[in-house]
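I opened a new page for this one. My plan is to look up a few things and jot them down as I go.

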Amino acid sequence: VPMVAPGNVQVHVINSTLAKVHWDPVPLKSVRGHLQGYKVYYWKVQSLSRRSRRHVEKKILTFRGNKTFGMLPGLEPYSTYKLNVRVANGKGEGPASPDKVFRTPEGVPSSPSFLKITNPTLDSLTLEWGSPTHPNGVLTSYILKFQPINNTHELGPLVEIRIPANESSLILKNLNYSTRYKFYFNAQTSVGSGNQITEEAVTIMDE
């Protein structure tokens, strides 16, 4: 098997899900056989938005021939990763380069995990929601938009409310009685807004 690990491994983080890896080629003599390519082993050490330690799954990307760089797609935002590089011949792999640590920046969050509308009264509705399964960063706020829908399915004026990220329920007051409302709800990080979920609910007609 090859004798030497690739040297001078560098990681350039391009965005929250993509990084580029560079390395110096090993001397051809040290390959001791036919150079098949370089293998990048990489794995997620932890998510910076959640303290969950799950089973670490190492991923391997192979770059054929004498390439000295490669792209790592599909990374998770706002996470710490480690990687190393090895050279391969027909017999197997050489030693790993020293582990390199890198971090991906924040991304936009996934949609809130649920939105439930309860306790209708003449002029109020109670909203409850769950935080995104993948925050992909530090949540800064939730954005709630809602509008009435009349009997001919026309949409009325849109109202927008920004809600602090640590809240999980809200009582909407001063609504019209016996009116159907449509709600649009999403979470935000400093990078931007995630996907919204929608829901409809009706205030009651009379007590």
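Predicted model: local features only at pLDDT ≥ 70, side-chain atom pairs only at ≥ 80, totals over all residues.

I looked up how the chain is divided and got domain 1 (7–104) and domain 2 (112–202). Their C-alpha centres lie 42 Å apart. I then checked who takes part in the contact: four residues come from domain 1 and six residues from domain 2.

**Entry: what lies between them**

Interface size is often given as the accessible area lost when the parts come together. For domain 1 and domain 2 I noted about 420 Å² buried between them, with 54% of that on carbon and sulfur atoms. On the domain 1 side that touches domain 2, I found two nonpolar residues, one polar and one charged. Next I searched for salt bridges between domain 1 and domain 2, and the count came back as zero.

**Entry: Ser-124**

I went to the loop between strand S8 (112–118) and strand S9 (125–132), where Ser-124 has its place. Is Ser-124 buried or exposed? Its relative accessibility is 11%, and the cut-off for buried is under 20%, so Ser-124 counts as buried. I also wrote down its partner: the side chains of Ser-124 and Thr-121 are joined by a polar contact of 2.7 Å. Leaving out residues up to four places away in sequence, Ser-124 touches Asn-119, Ile-171, Leu-172, Lys-173, Leu-175 and Thr-203.

**Entry: Asn-66**

For Asn-66 I turned to the loop between strand S4 (59–64) and strand S5 (69–72). Asn-66 has a relative accessible area of 61%; exposed means over 50%, so this residue is exposed. Not counting residues up to four places away in sequence, Asn-66 touches Leu-35 and Tyr-38.

**Entry: positive phi**

Most residues other than glycine have a negative phi, so I looked for exceptions. Asn-119, in the loop between S8 and S9, has a positive phi near 50°. Ser-178 has a positive phi of about 50° too, and is not a glycine. I found Ser-178 in the loop between strand S12 (169–172) and strand S13 (180–188). With a relative accessible area of 34%, Ser-178 is partly exposed.

Conventions:
Residues numbered from 1 in each chain as written. Heavy atoms only, no water. Domains from an automatic or database assignment. Contact = heavy atoms within 4.5 Å. Buried area = accessible area lost by both parts, 1.4 Å probe. Salt bridge = Lys/Arg side-chain N within 4 Å of Asp/Glu carboxyl O. Nonpolar A, V, L, I, M, F, W, Y, C, P; charged D, E, K, R; others polar. Helix = DSSP H or I, 4+ residues; strand = E, 2+ residues; numbered from the N terminus. Buried < 20%, exposed > 50% of the residue type's maximum accessible area, 1.4 Å probe, protein only. Polar contact = N/O pair within 3.5 Å; in protein donor to acceptor, adjacent residues only side chain to side chain.
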